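Here are my notes for someone opening this entry for the first time. Have the sequence and the model side by side as you read.

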Amino acid sequence: MFAAGIINFRHNKYKMQNTFWNENIETIGKEQLQPLQLKLLKDTVSAALKTSFYKNRLYRSGIKSPDDIKTLGDLNKIPFTTKDDLREAYPSGLLSTSSDDVIRIHTSSGTTGTPTVIYHTKEDLDNWTELVARSIVATGFSRSDIFQNMMSYGLFTGGLGLHYGAERVGATVIPIGAGNTKRQLQLMRDFKTTTIHITPSYALHIHSKFKENNIKRGDLCLKRAFIGAEPHSENTRKKIEEILEIDAYNSYGLSEMNGPGVSFECIYKRGMHTWEDSYILEIVDPVTQEPLCEGKEGEIVFTTLRRKATPLLRYRTRDLAFVYKDSCPCRRTHRRISRITGRTDDMLIVNGVNMFPSQIEEVIMRIPEVGTNYQVQLEKDGALDRLIVKVEIYSKMFTGNVKELDNLKEKIKEELRASIIIHPVVELHEPGSLPVFEGKAKRVIDLRVKI
Ligand code: DLL
């Protein structure tokens with residue numbers, strides 16, 4: 001660990017530079033990254049001490065000035081921040097700058113309860129834009145691309161976040177936003193869109209609308225998709241890549257950490273590089289809150305390093321992932337996290353057995369007859385729980401041969417049982433019959449009465 005005094009400033013080299021292949025930063029070694037993180041952590045603590053929320057909290061933990069942080073190990077002295085803390089601080093308890101310096105506000109996507117608010121200064125938005133630009137360039141995206149942004153614009157960060165990132169790269173942006181599949185397909189064909197930004201569930205859906213909109217794959221110039229904002233399995237990615245004949249790159253982020261542009265896959269698709277010059281990444285045991293080593297799955301915790309208006313210290317995301325141990329052939333040194341395997345708050349307990357919805361998706365999406373949409377429903381059946389898995393299957397399966405459908409149902413049931421231990425009820429549905437979501441999909445309907 002480096003003492004605070006010796007880091008002085010070689011760090012100009014690691015300033016955000018409004019570029020998007022920032023070799024100094026993207027290939028930074030541990031010996032340079034750690035002092036940089038320490039310097040930026042001290043700045044962040046200094047900013048946090050200006051907020052009413054953190055001032056009390058840090059004082060109680062014995063941190064009265066940034067000089068109380070001497071090494072990166074001192075991060076452990078800082079208490080975690082939770083979503084409830086952010087709600088408690090609503091609307092401005094976490095604002096660290098003058099409100100005159102704030103030029104935009106985003107809130108979390110939840111539709112109920114008090115939202116969480118993130119304030120941004122001009123510098124915050126510039127830095128966020130650079131992270132997004134850096135992320136998408138890592139997938140081979142360039143100024144020659146035509147980018148159709150199919151995520152919603154507004155308080156949700158998916159729309160504006162990628163919009164500015166793609167503009168900074170110099171690509172042509174089509175800011176259509178979410179929904180209206182017919183128009184999406186028409187623009188995609190007419191403007192020769194090469195790259196789309198889309199939720200994985202909507203990516204599966206738009207393909208099912210090609211035929212009725214007279215679109216053939218050959219009419220399109222589509223090369224890649226950035227998919228994120230909701231959990232999805234590796235088998236779902238493969239399905240998207242197969243049916244749309246593109247490369248799909250996983251993109252992870254959350255409004256509390258700006259939004260997209262926190263962790264992104266590069267061309268190698270071996271986990272998502274997390275920009276460690278802008279965030280300190282920790283994986284902790286969700287129960288004991290003890291830090292876990294690389295390779296062990298736990299809850300992702302982030303500390304912002306460059307954010308001025310809303311610094312956040314050790315924010316518990318509730319998202320579960322692990323950090324890959326090996327290095328990436330792309331030369332970027334920023335550590336990669338796995339895809340999100342679940343959330344600490346989306347675990348389902350069905351007849352006493354714990355499972356995550358992602359396990360169901362992983363199984364059904366590898367079965368070739370299964371189409372592009374599914375839903376999980378939980379009901380009470382007397383004292384027991386009943387798990388119903390509703391899956392759309394391709395229309396070619398509806399031949400009138402009941403035996404064939406029964407066999408398929410049995411096969412899905414068996415594969416699910418082997419993975420989640422529970423005996424589900426499986427329902428087969430026609431394509432287009434289950435609810436479709438243009439934004440984040442709601443896959444699990446829990447109708448059990450909560451006691
Ligand atoms: O969903 C930001 C975003 C927009 C990320 C567009 C990627 C693309 P929130 O609305 O605050 O922000 O929701 C954040 O969504 O904590 C995860 O649970 C989930 N999530 C986001 N990306 C992924 C992903 C945006 N790639 C919450 N895989 C996070 C799994 C994801 N879950």
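The points below go from the overall layout to local details.

1. Ground rules. This is a predicted model, so local features are described at pLDDT of at least 70 and side-chain atom pairs at pLDDT 80 or more, while totals for chains, interfaces and linings use all residues. Residues are numbered from 1 along each chain as its sequence is written, and side-chain values use heavy atoms, with hydrogens and water left out.

2. Two domains. The protein splits into domain 1 (23-345) and domain 2 (350-446), with bounds that come from an automatic or database domain assignment. Their C-alpha centres are 30 Å apart. Across the boundary, 25 residues of domain 1 are in contact with 18 residues of domain 2; contact means heavy atoms within 4.5 Å.

3. The nonpolar cores. Which residues have the most contacts inside the largest nonpolar core? They are Ile-198, Ile-360, Leu-387, Val-391, Ile-412 and Leu-416, in a core of 46 residues. A nonpolar core here is a set of buried Ala, Val, Leu, Ile, Met, Phe, Trp, Tyr and Cys residues joined through side-chain atoms within 4.5 Å. Buried means under 20% relative accessible area, exposed means over 50%, and partly exposed is in between (1.4 Å probe, protein chains only). Helix H11 (residues 402-420) gives the most to this core, with 5 residues. Both domains take part: domain 1 (23-345) and domain 2 (350-446) each supply at least three residues. There is also a second, separate core of 44 residues, which includes Leu-41, Ala-89, Leu-305 and Tyr-315. As background, nonpolar side chains tend to be buried together in soluble globular proteins.

4. A closer look at Leu-387. Beyond its neighbours within four places in sequence, Leu-387 is in contact with residues including Val-350, Met-355, Ile-360, Val-376, Ile-420 and Val-425. Ile-360 is also one of the residues with the most contacts inside the largest core.

5. An open sheet. In what order do the 4 strands of the open sheet come? The order is S19-S18-S17-S20, with mixed pairing. Strands S19 (425-429) and S20 (444-446) are at the edges, each pairing on one side only, and the twist averages 20° from one strand to the next. Helices (H or I, at least four residues) and strands (E, at least two) are DSSP runs, numbered from the N terminus; two strands pair if DSSP finds at least two bridges between them. The angles run from 0 to 180 degrees between N-to-C directions, with axes as lines fitted to C-alpha atoms, for helices over the stretch in contact.

6. Strand S17 (residues 370-381) and S20 run parallel and are joined by 3 bridges, with Val-376 partnered by Val-444. Ile-445 also lies in S20 and is partly exposed, at 23% relative accessible area. Leaving out residues up to four places away in sequence, Ile-445 touches Gln-375, Val-376, Gln-377 and Leu-378.

7. Helix H6. Is this helix mostly enclosed or mostly open? Of the 13 residues of H6, 10 are buried, so the helix is largely enclosed by the rest of the structure. Among the buried ones are Gly-158, Gly-159, Leu-162, His-163 and Val-169. H6 (residues 157-169) reaches 18 Å from its first C-alpha to its last, close to the 18 Å expected at 1.5 Å a residue; the expected span is 1.5 Å times one less than the number of residues. Just after H6, Gly-170 takes a positive phi of about 100°.

8. Backbone spots to check. Most residues other than glycine have a negative phi, and most peptide bonds are trans. Asn-214 has a positive phi of about 55°; this residue is in the loop between helix H8 (200-208) and strand S6 (224-228) and counts as exposed at 62% relative accessibility. Ala-229 also has a positive phi, near 80°, in the loop between S6 and helix H9 (234-244), and is partly exposed at 30%. Finally, a cis peptide bond joins Tyr-90 and Pro-91, with omega about 0°; Pro-91 sits in the loop between helix H4 (83-88) and strand S1 (102-107).
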